[in-house]
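Please open the structure in your viewer and keep the selection tool at hand. The stops below say what to select next and what is there.

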Amino acid sequence: MNNGTISRTGERVLGIIGIVFNIITIILLAWLITSISGLEGTAEFEQFEQEIMNDPAFEGSPEEAQMVVDFIMEGTGVFGWALVAMLALSTILAIVALINLKKTSSASLAGIFFILAGLLAGVLSLTSILFYIAAIMCFVRKPPMRDDELHRRDDGAYRDDKIRRTDDSLYREDNVRRTDEPVRREDEIRRTDDTVRRDDTRRDDDTPYRPL
């Protein structure tokens, strides 16, 4: 029996896969950032720094070469942690979208959360594409009509009965209007005749006025 609900398994699967990708990316980024930060003072870092110093573009200006090295180290940490924060927020929004999928009426809201999660996951990354597809499915796929609604829509007798009830209501209103109209006109005529009669009575009364 069709009760007007729709399965959102596809949207849930895409959302869960996107969340897993986000979590894996967060772990890898956090490991990479901490590894780069831990390179300072090691032989590998000194070799990298020496290569920057020996670059012909910085020949004769070791201060500029040192500034470039410091900028790379600091920028990697700031940019990396900012990206981690964006992915974490994307994961939270995707989880909220999955929660809203449990309610049939909240599918559009879940689609909005999926779009926001995709934007924060890298705009055009693999994870964001999965979230976008889930969002489109939330907007496009609508629950079917319930059996009773479908039966009523397709039932000619139901439509005829609905039209008949509407016509009967209009007919009764028209009859009431026609019944009240003669009574209203007679009442107006009666009030007019009474007014005219009283005026004629005053006009025919010639008795002089005698003060008491």
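Begin by selecting R8, which, leaving aside its neighbours within four places in sequence, is in contact with L101, A107, M137, C138, R141 and P143, where contact means heavy atoms within 4.5 Å. R8 counts as buried because its relative accessibility is 4%; buried means under 20% relative accessible area, exposed over 50%, and partly exposed in between, with a 1.4 Å probe and protein chains only.

Before going on, note that this is a predicted model, in which local features need pLDDT of at least 70 and side-chain atom pairs count only at pLDDT 80 or more, while totals for chains, interfaces and linings use all residues. Residues are numbered from 1 along each chain as its sequence is written, and side-chain values use heavy atoms, with hydrogens and water left out.

Now show the whole protein as a cartoon. There are seven helices and zero strands in the protein, and the pattern read along the sequence is α-α-α-α-α-α-α. Of the 212 residues in the protein, buried residues make up 22%. Among contacts between residues at least 6 apart in sequence, 70% join residues at least 24 apart.

Next, select helix α1 (residues 9–38) together with α5. Two packed helices are described by the angle between their axes and the distance between the axes. The axes of α1 and α5 come within 9 Å and cross at roughly 160°; axes are lines fitted to C-alpha atoms, for helices over the stretch in contact, and angles run from 0 to 180 degrees between N-to-C directions. The two helices, α1 and α5, are therefore roughly antiparallel to each other, since angles over 145 degrees count as roughly antiparallel, under 35 as roughly parallel, 65 to 115 as roughly perpendicular and the rest as oblique.

Not counting residues up to four places away in sequence, T127 touches G18, F21, N22 and A121, and T127 counts as buried at 7% relative accessibility.

Then select helix α4 (residues 107–120) and helix α5 (residues 126–140), whose axes come within 8 Å and cross at roughly 165°. That angle makes α4 roughly antiparallel to α5, and their crossing is left-handed. On the α4 side the contact includes A107, A110, I112, F114 and I115, and on the α5 side F131, Y132, A135 and F139 are among the residues taking part. The contact of α4 with α5 has 13 nonpolar, four polar and no charged residues.

How many aromatic pairs does a search of the whole structure find? The search finds one, formed by F114 and F131, which are stacked with 6.0 Å centre to centre and 25° between the planes. Rings of Phe, Tyr and Trp (its six-membered ring) pair if their centres lie within 6.5 Å, and planes under 30 degrees apart count as stacked, over 60 as edge-to-face and the rest as tilted. The pair links distant parts of the chain, with F114 in helix α4 and F131 in helix α5, 17 residues apart. F114 counts as buried at 0% relative accessibility, and F131 likewise counts as buried at 0%.

For the last stop, select V123, in the loop between α4 and α5. V123 has a positive phi of about 65° although it is not a glycine. Most residues other than glycine have a negative phi. With a relative accessible area of 43%, V123 is partly exposed.

Key. Helix = DSSP H or I, 4+ residues; strand = E, 2+ residues; numbered from the N terminus. Left-handed = near helix turned anticlockwise from the far one by under 90°. Nonpolar A, V, L, I, M, F, W, Y, C, P; charged D, E, K, R; others polar.
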